[in-house]
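Student: I would like to go through the charged pairs in this structure. Please show it first.

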Amino acid sequence: MKKIFFALCLISIFALSSCTADIDAELLNDGTVKLAFSGSFGQGLKSMIGAATEGEAFFDTKEIIYELSKSGFTDVKANTDGKTQISISMKDAKKTSYLFTSGILSVKAQKEKKSALLYAKLSPANLVNFYKSSDEQLVLLMDLLLAPVFNEEDIPEQEYIETIGAFYGQTAANEIAASNVNISIKNPDGSIKKQTIPVVKLLTLSEDLIIQ
């Protein structure tokens, strides 16, 4: 079951279940994309996901580093308090990771400025691409969230929250309803774009959200 911890952290990177999450993506001058994530889980979500890990350690940083390195990331670092908080940093030099192949992250050349621009596109199609290209353990954990976006379903946010409450209890439902993800995109010219997105909006996404 060790891979499920890796899956848990990948989902955290995309802020699909974290109570508090900050995601920073920076395009460096050499074309490398530097990524940083920090997040924490509330007790409701910890209990929900902990049931799927069969009582094993909640975060395994060695496994996280190993698996992310195998997936094409470099300079991977991971730290945790061993309970509910995790932080991860890494680089994607070739831009061939699932973040790019799914379409969630892209780099566009700007001929007039002779530079490139990093942007994030969170769309139903891109999140489905990520879901379908994920390994079995990652899909297993994403399925726990009962997220309509992965099943290409159009369900109102409140109905989704009520579904989570029915399956996992009101504490988990309240945590998801109150959760946000803070996304920051930085480019070589020093420009920074930031956006805060409610987690429940991501899990029921019905429109394209572009940050650039």
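This is a predicted model: local features need pLDDT of at least 70, side-chain atom pairs count only at pLDDT 80 or more; totals for chains, interfaces and linings use all residues.

Student: How many salt bridges does the structure hold?

Tutor: There are four.

Student: Why is the contact of D75 with K91 called a salt bridge?

Tutor: The term requires a side-chain nitrogen of Lys or Arg within 4 Å of a carboxyl oxygen of Asp or Glu. The closest N and O atoms of D75 and K91 are 3.6 Å apart, so the pair qualifies.

Student: Which parts does the pair tie together?

Tutor: D75 lies in strand β3 (residues 74-80) and K91 in strand β4 (residues 85-92), so parts 16 residues apart in sequence are tied together. Strands here are DSSP runs of E, at least two residues, numbered from the N terminus.

Student: What makes D75 count as partly exposed?

Tutor: Buried means under 20% relative accessible area, exposed over 50%, and partly exposed in between (1.4 Å probe, protein chains only). D75 has 45% relative accessibility, so it counts as partly exposed. K91, at 27%, is also partly exposed.

Student: How do you know that E152 and K132 are exposed?

Tutor: The relative accessible area is 59% for E152 and 60% for K132, so both pass the cut-off for exposed. These two residues also form a salt bridge, with the closest N and O atoms 3.7 Å apart.

Note on methods
Residues are numbered from 1 along each chain as its sequence is written. Side-chain values use heavy atoms; hydrogens and water are left out. Helices (H or I, at least four residues) and strands (E, at least two) are DSSP runs, numbered from the N terminus.
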